[in-house]
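Can we walk through how to read this structure? Please take it feature by feature.

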Amino acid sequence: MTITSSGPTTATPLVPAAPAPAAPEPTDTVTFEIDGLETTVPKGTLVIRAAEQVGIQIPRFCDHPLLAPAGACRQCLVEVWAPGRDGNLAKMPKPQASCTLEATPGMQVKTQHTSAEADKAQHGVMELLLVNHPLDCPVCDKGGECPLQNQAMSNGRATTRFVDVKRTFPKPIAISTQILLDRERCVLCQRCTRFSEEVAGDVWIDLQKRGAQQQIGTFDTDVLGFAGDTPVGASTQDTSGRPFASYFSGNTVQICPVGALTSAAYRFRSRPFDLVSTPGVAEHDSQGSAIRVDHRRGVVLRRLAGDDPVVNQEWITDKDRFAFTWQSAPDRITTPLVRNAAGELEPASWIEALDVAAAGLRAAQAPSDPRETAVGLAALPGGRLTLEDAYAWSKFARVALGTNDVDGRARPHSAEEEAFLGHHVAGRTLEVTFGDLVAAPAVLLVGLELEEEAGIAFLRVREQVVKKRTRVLSVAPLASRGLERLSGTLLAAAPGTEAEVLDGIVAGADDVLGDAAAALAAEGAVVLVGERLASSPGAYSAALRLAARTGARLAWVPRRVGERAAVETGLLPSLLPGGRPVADSGARVDIAAVWGVEHLPGEPGRSAGEILAAARAGLLGGLVVGGLEPADLPDPAIAREALDRVPFLVSLEVRRSEVTDRADVVLPVAPPVEKPGTFVTWEGRPRPFTQALTSHFLPDHRVLDRLADALGVELGTGSLTAVHAELDQLGGWDGARVDAPDVPAAEPPAVAAGTAVLATWHQLLDEGRLQSGEPFLAGTAKQPVARVSAATAASVGATDGGAIAVSTDAGTITLPVVVTDMPDLVVWLPTNAPGSAVRDTLHADAGDLVRIAAAPGALTREETGTGQDAGRSAHEEVGA
Amino acid sequence: MATTLAPVLTDTWDADRSWTLSAYEDAGGYRGLRRALGMQAADVVTMVKDSGLRGRGGAGFPTGMKWGFLPAPDGGPRYLVVNADESEPGTCKDIPLMMASPQHLIEGMIITSYAIGCHHAFLYVRGEVVHVYRRLLRAIEEARAAGYLGTNILGSGFDLEITLHSGAGAYICGEETALLDSLEGLRGQPRLKPPFPAVAGLYARPTVVNNVESIASVPGIVRGGADWFKGMGTERSTGHGLFSLSGHVTRPGQYEAPLGITLRELLDMAGGIREGHQLKFWTPGGSSTPIFTAEHLDVPLDYESVGAAGSMLGTRALQIFDETTSVVRAVTRWTEFYKHESCGKCTPCREGTYWLVQVLKRIEGGQGTHADIDLLLDLCDNILGRAFCALGDGATSPITSAVQYFREEFEAGTHTPADVLFPPEHSSLFTYAPRRGRAALAGVHA
């Protein structure tokens with residue numbers, strides 16, 4: 001670790017920090033003057049940017065470095081002199097907008113500091129901007145951090161000459177349950193509409209009307225004065241029943257230079273000058289977005305996007321921004337809990353809880369009755385750990401529990417996947433990065449919905465697609481809206497046939513597959529595979545073959561924040577930290593030396609599924625579980641039975657869960673906002689963050705250190721410094737890797753009449769545990785629907801807009817049907833949307849056979865969603 | 001020597017059913033096209049350059065030079081877009097021309113398309129004039145039936161289609177880049193320049209955007225030659241142009257004359273100011289051009305002379321006002337138009353016109369303060385040259401020029417309403433029947 005390491009280290013750190021981005025290639029430069037200061041900038045640089053670089057701030061509203069120039073607000077006017085054809089310097093007749101003006105050689109720019117004309121122009125525009133602004137700063141959320149307020153002070157008149165009537169609008173309209181628009185405050189800079197169009201590709205708001213009546217709006221028939229006929233068109237509805245907004249809508253609130261866009265979650269909650277800001281890293285996905293956590297007196301009030309040009313630029317998903325209340329939910333576990341004689345969990349001291357846990361684990365490890373079959377220990381740490389916590393779990397399992405039965409994959413998984421991770425992912429950090437995605441001429445997605453599962457990668461790739469530099473291809477059962485916005489080419493594959501399609505991508509094939517092979521053969525092409533391939537036999541093997549065949553680089557993009565850290569630290573039954581195979585004795589010696597132990601268990605352990613199966617069969621003595629939801633596992637019923645059956649269960653959790661309800665000892669751990677640590681992105685990039693809130697809760701690595709201590713083992717993970725020192729000492733591995741998987745593609749199942757192959761993936765906003773307590777956000781989720789092809793719908797008598805029942809022996813999910821262009825005999829469901837808990841209800845996953853039948857009547861929103869409540873409470877909030 | 005009329009575009013307006021193709025052909029129509037198709041395209045461009053034809057839409061940019069800005073052909077499409085979104089207050093030349101003789105425009109579009117290598121030309125006509133739209137549709141239909149449009153026009157191998165597009169009624173769509181956005185189906189707001197339309201215009205392809213009258217003048221130039229055209233007008237403002245006289249004039253209407261004619265000469269032809277009245281002020285080129293007064297009667301109406309006298313030739317929309325007219329009220333009406341039509345993209349025009357109207361209405365109502373006149377001028381200064389496009393500039397011209405020539409009328413607005421100083425019924429050409437609301441106000445002060 002380079003984060004806090006001190007003292008000499010020999011090897012490469014386990015997860016090395018990314019090198020500083022290389023300086024850009026020297027390009028043509030332009031030398032010119034701003035306020036008498038000579039400066040040299042790359043050709044094409046805007047004057048306003050060049051001025052920033054020499055420390056001259058020109059006031060602005062519409063200008064944003066990540067959006068195309070607009071020149072709309074006219075606040076940044078400057079006086080410009082430029083050499084004419086005769087070479088003599090001549091003043092441009094009008095003041096120029098510095099946000100749209102490229103610097104040219106010999107130009108002389110005079111800003112408000114040196115030009116009376118520029119200063120007057122800026123004062124004039126500022127006065128005009130305030131003409132129709134309500135000046136309600138004392139009650140405005142933006143007050144105190146408002147560019148309009150600040151620049152009105154620095155570049156405006158002290159008093160107004162406007163004594164006339166202001167244009168007014170009703171106070172905010174809710175353009176989604178989360179985003180509120182106060183049109184009076186809007187200065188019509190169009191940052192929000194330009195973001196929606198240029199960056200997110202969700203044109204959910206736009207300019208309407210003209211002149212002083214011009215306003216930002218959605219297609220709202222009331223605002224536009226339409227009567228009767230409403231527009232036609234396939235607009236996806238969110239769960240509140242409004243036209244679907246955007247997963248990135250919160251960014252518009254942050255870039256709004258006035259208080260026109262606010263979020264329902266933060267409205268009227270706080271003043272910016274009362275907030276303490278701590279930089280952080282978002283915990284919702286493997287993207288590692290930089291965020292800023294704003295808190296006041298121990299309460300997080302909002303989160304904003306941080307600025308990190310190499311990762312998330314200045315954008316984050318709405319989930320990263322708004323889903324933080326889970327960390328302070330009412331069901332937080334506040335003290336250790338121990339199950340008493342009556343079978344109830346009751347609060348206990350740390351000392352007592354650790355003693356009970358240690359005793360229970362020791363007994364399970366070596367039962368007094370030699371005939372006891374339930375023997376041995378295992379650990380299921382979950383997929384949301386920091387690097388330090390994951391490392392502590394890995395070491396705890398091997399050293400304290402004495403087992404390789406540890407698996408961080410709390411989701412469908414396979415042995416093929418494990419081999420793939422060990423062979424291709426572990427220890428190979430930063431081989432494919434966001435920078436490589438941005439530079440790639442072609443990106444092939446396999447079993448991965450970028451927008452739903454990797455929001456920042458979606459935005460970064462889309463930026464290149466818009467610039468026509470990148471081509472996107474996707475192996476998936478259907479072209480999602482996200483893929484459409486990437487102008488992507490669909491290589492249609494029913495779930496389970498991914499391997500077949502990947503093997504079909506060969507140069508010279510005369511269809512779209514040959515075209516894909518040609519695209520991937522280009523220098524720098526990238527193949528991104530998602531965790532969903534674990535449920536498609538042979539797909540990972542085929543992806544490796546494809547990469548070898550085309551020369552494209554292959555990267556694994558998991559959903560959860562801790563997945564990559566788990567792989568790097570050996571939270572897999574066959575893998576030790578740094579990609580060292582368990583089966584490799586040299587690797588074991590390597591690790592044992594650093595850990596100061598005699599030996600390490602040499603047999604690869606059992607996977608999560610095998611551990612749970614063993615526990616269910618009564619063949620496991622004790623289980624230590626981290627942040628894991630049984631409902632996330634392929635068969636939640638088996639998981640619950642296993643947790644019920646296992647004789648001794650220890651849970652490390654933030655909030656009460658199905659696991660803590662069954663545990664014998666519950667040890668509370670700190671959520672990300674209450675601990676420092678390092679998340680690892682899908683690229684293998686360490687993303688260290690500091691502790692935002694003062695807290696007495698301990699991170700997993702400290703709790704495990706104490707638990708190990710109670711077991712009589714010195715784990716040495718009692719502090720970040722200790723963990724980092726050990727990670728540095730451990731370093732990478734240059735020995736043999738796990739063998740590549742070579743699993744043949746499975747034969748497609750025979751699909752009988754009335755059945756179909758299930759396709760499913762997680763949507764960004766759904767019923768996930770980390771999104772609870774945020775009704776405004778929940779209202780912006782996509783409406784849950786089932787998707788089938790026209791022929792499949794017809795075969796069971798279902799109609800577009802009608803309802804379809806998808807069932808297995810375990811249960812039935814009924815959702816409205818959207819007939820979609822996709823392979824026949826496939827039905828798609830959202831994995832964990834309201835009313836569509838696929839794994840919990842059906843005990844099935846992608847690739848499994850399910851029965852389908854038309855369900856009576858069309859479902860209405862009231863029956864399917866929980867978002868109605870969100871919508872209502874948002875309205876009450878506005879009215880309040 | 002008194003300048004006389006030079007009817008070219010207007011020559012056939014008095015013919016029976018002048019708008020038909022046959023009437024146009026009888027008067028020698030489409031001979032220009034035949035001649036042009038026999039020439040090299042580049043020679044047609046050169047000819048128009050030589051003629052000195054300048055854009056008749058207001059800015060007066062040399063038409064041939066505009067065509068010459070197109071990059072060399074790259075095999076992709078190039079477009080001609082004709083701006084028929086005539087909607088400036090007082091401007092009324094293109095619409096009568098398209099009503100009376102649409103084939104002039106069609107022939108001009110074919111020749112121009114041939115000259116610039118365009119195979120799909122667009123005609124963007126303002127949405128409110130449905131009658132013109134229908135007439136143009138019929139004209140294109142007739143021309144197509146006669147083989148002037150379509151494939152292999154007159155056996156020359158040149159292909160052209162014309163698409164007629166009706167706007168939705170926005171003044172801003174007369175601004176060429178806003179027009180292109182509107183034509184593409186987007187919200188009509190001006191684009192950032194560069195890139196200029198010649199490089200990336202309609203659908204990001206090289207595009208020439210010209211005014212109706214400019215294009216309609218092309219057939220005559222090809223037929224008569226550059227020298228014939230240069231024989232009219234002044235040295236740098238050549239040719240003929242439509243002068244639209246309206247307001248307090250005995251015989252309002254279209255007067256086609258060489259550029260450089262004076263208002264005094266035009267008024268002589270039009271029977272002078274209405275009986276018993278004198279000229280008070282007038283616009284040389286529509287409401288966006290600074291007003292003139294009686295002292296400018298002998299200013300030659302060409303680009304240079306009008307510019308030197310402090311205004312712009314614009315669209316030669318000569319709105320004539322006699323001494324019964326309140327300049328404050330006239331300017332207020334114009335400013336209300338600009339407020340209503342401001343597209344809203346940039347701050348100065350959007351907020352400035354909103355504010356200007358309120359100040360002007362105060363002065364018109366006799367409620368102004370002495371600070372208001374300076375405020376008006378300062379506001380105009382904060383809009384002029386600060387707006388995104390020229391329409392913001394245009395909104396300030398009538399105000400600053402009116403204060404320049406008639407400051408005392410604005411000062412009177414601090415104590416006396418305009419309709420007391422200048423009762424509206426005196427300037428009405430018809431029986432004065434005020435609309436409700438205003439009538440009450442007029443009654444109070446009467």
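Q: Which stretches of chain A have pLDDT under 50?
A: Where pLDDT is low, the predicted coordinates should not be read in detail. In chain A, residues 1–10 stay under 50. The model gives that stretch 21 contacts beyond four places in sequence. Residues 228–235 of chain A are also below 50, with four contacts beyond near neighbours in sequence.

Q: And where does pLDDT stay under 50 in chain B?
A: Over residues 439–446 of chain B. There the model has nine contacts beyond four places in sequence.

Q: How is chain A divided into domains?
A: Into four parts. Domain 1 covers 35–130 and domain 3 covers 423–559. Domain 4 spans 755–875.

Q: In what order do the six strands of the open sheet in chain A run?
A: Start with the general idea. Strands of a sheet pair through backbone hydrogen bonds, either parallel or antiparallel. In chain A the order is β16-β15-β27-β26-β25-β17, and the pairing is mixed. Strands β16 (345–347) and β17 (377–382) of chain A are at the edges. Each has a single partner strand, so one side of each lacks a neighbour in the sheet. From one strand to the next, the twist averages 15°.

Q: In which sense do β15 and β27 of chain A pair?
A: Antiparallel, over two bridges. Strand β15 of chain A takes in residues 337–339, and β27 of chain A residues 665–668. Val338(A) faces Val665(A) of β27(A) across the pair.

Q: Which strands does helix α8 of chain A lie across?
A: Helix α8 of chain A, residues 350–365, lies across β15, β17, β25 (622–627), β26 (648–653) and β27 of that chain. The angle to β26(A) is about 135°.

Q: How many residues of chain A and chain B are in contact?
A: The size of an interface is often given as the accessible area lost when the parts come together. Here the count is by residue: 27 of chain A touch 22 of chain B. Helix α2 (residues 116–131) of chain A gives the most to the chain A side, with six residues. By class, that side has 15 nonpolar, six polar and six charged residues.

Q: What does UniProt place at residues 117–156 of chain A?
A: An unreviewed UniProt entry lists "domain: 4Fe-4S His(Cys)3-ligated-type" there. In the model, residues 117–156 of chain A are 60% helix and 0% strand. The end C-alpha atoms of this stretch are 14 Å apart.

Q: How is chain B divided into domains?
A: Domain 1 is 21–230, domain 2 is 240–286 plus 294–320, and domain 3 is 327–440. Between domains 1 and 2 of chain B, 14 residues of domain 1 are in contact with 15 of domain 2. The domain 1 side has four nonpolar, five polar and five charged residues. The C-alpha centres of these two domains of chain B lie 27 Å apart.

Note on methods:
Residues numbered from 1 in each chain as written. Chains lettered and ligands numbered in written order. Predicted model: local features only at pLDDT ≥ 70, side-chain atom pairs only at ≥ 80, totals over all residues. Pairing = 2+ DSSP bridges. Helix = DSSP H or I, 4+ residues; strand = E, 2+ residues; numbered from the N terminus. Axes fitted to C-alpha atoms, helices over the stretch in contact; angles between N-to-C directions. Contact = placed C-beta atoms within 7 Å. Domains from an automatic or database assignment. Nonpolar A, V, L, I, M, F, W, Y, C, P; charged D, E, K, R; others polar. pLDDT = per-residue confidence, 0-100. UniProt positions renumbered as here; feature names shortened; annotations may be inferred.
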